[in-house]
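Let's walk through the charged side chains of this protein together. Have the model open beside you as you read.

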Amino acid sequence: SFSFQSHLELVDEKVVDDAAHTPRQMDPRCKTVDVEKDLVDWQKPLLWQVGYLGEKYDEWVHQPVDRPIRLFHSDILESLSKTAWYVVFIVWAPVVLYLSWVSYTSLAQGNTRLFSSFTTEYSIPVHKYYFPFIFLLGMFLWSLLEYLIHRFVFHMKPPASNYYLITLHFLLHGQHHKSPFDSSRLVFPPVPASLVIGFFYGILQLMLPEVLGLSVFVGGLCGYVIYDMMHYYLHYGSPKKGTYLYGLKAYHVKHHFEHQKSGFGISTRFWDHPFRTLIPEETFEKED
C-alpha cells in the first residue's frame, strides 16, 4: 500500500485540492526513493534496468515517486522522449487548421461520394456542409481510441519473465505512473507521435474515400491535441471547484494513486461506463 492509504476516505474535493496546491518539492502521496535500497540504480538510465525486475516490476512501477526519470544513455534519444506541453499545441494545431481547410475545400468541389467503390447508382454524395459532423465523428472515434490504448496497451501487465515487454511497458506508460509529476513526460513528444499519427492516417485512407478519410482523421487529430493538453492540465492545473475539469482531475488523481486498474478515461469518463471500468463511487450523478 502507498503512504496515502489513510486518505482514501476523503471526499473528492480534498483529493483535487491536495493535487493542485501541494508544494512542488515533494507530493505527500509519493514515496521517497531510497537510492541505497531501491530495486534500480537511479544514477543510471532506468529503461534498460526495469526488465530485470521480473515479478517485482508491477508493484514497483505503481509506487509513485516525485523525481524526474532518465530513460536513455543517449542525450539525443533522451531529448526525443521529453517535451514541454506547449510544443504539442505549436506543432499540431497548425496541422489541424490546415487539414481542416483542405478537407472542407475538397468536399466543396462536390466529387466525394460514399460507397462509390461498391456501387455508382446508389453512392451517397458527401457535401461540404457535412464536414463539421465528420470532424466531430473523428473526435468521437479518438475518445474511444484514447480509452482502448490507455487500457489495453498502456495498462497491459507484461509477463514477469519477458524482459522486452516489461521494457516496452515502462517506455510507453510505466514511467508516467512511476513519476506522475515529471512535467517533461506528460504529453506525447512530436517525433514518436508523428509515427503513430501517420499509421492511423494510413488506416483511414485505406478504409474511406480520400477526402472523407482526411476529414475523419483531422477530427481525430484535434481530439488528440485536446487530450494531451487536458492530461497536462489534470496534473498541474487548478480547475475551479464544481467544474467538469475539476471532476476529471479528481478522477485522474484517483487513477494514479488508488485505482490503477480502472478509470482509463482521461478527457472523458464516457467509455468507462459501457466497459465497466468506472472508478467505484465515481459517477456523474455524484459530481452533480
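**Salt bridges in the model**

Arginine 185 and glutamate 78 form a salt bridge, with their closest N and O atoms 2.5 Å apart. Here a salt bridge means a side-chain nitrogen of Lys or Arg within 4 Å of a carboxyl oxygen of Asp or Glu. Arginine 185 sits in the loop between helix 6 (163-178) and helix 7 (190-207), while glutamate 78 belongs to helix 3 (residues 75-80), so this pair ties together parts that are 107 residues apart in sequence. Helices are DSSP runs of H or I with at least four residues, numbered from the N terminus.

A word on where these values come from: the model is predicted, so local features need pLDDT of at least 70 and side-chain atom pairs count only at pLDDT 80 or more, whereas totals for chains, interfaces and linings use all residues. Residues are numbered from 1 along each chain as its sequence is written, and side-chain values use heavy atoms, leaving out hydrogens and water.

Now stay with arginine 185, which is buried, as is glutamate 78 (buried means under 20% relative accessible area, exposed over 50%, partly exposed in between, with a 1.4 Å probe and protein chains only). Aspartate 182 also forms a salt bridge with arginine 185, the closest N and O atoms being 3.6 Å apart. Aspartate 182 is buried too. Through shared partners, salt bridges join Glu78, Asp182 and Arg185 into one network.

Next, turn to aspartate 75, which forms a salt bridge with arginine 70 at a closest N and O separation of 2.7 Å. Aspartate 75 is exposed, at 57% relative accessible area, and arginine 70 is partly exposed at 34%. In total, the structure holds four salt bridges.

Technical notes
Helices (H or I, at least four residues) and strands (E, at least two) are DSSP runs, numbered from the N terminus.
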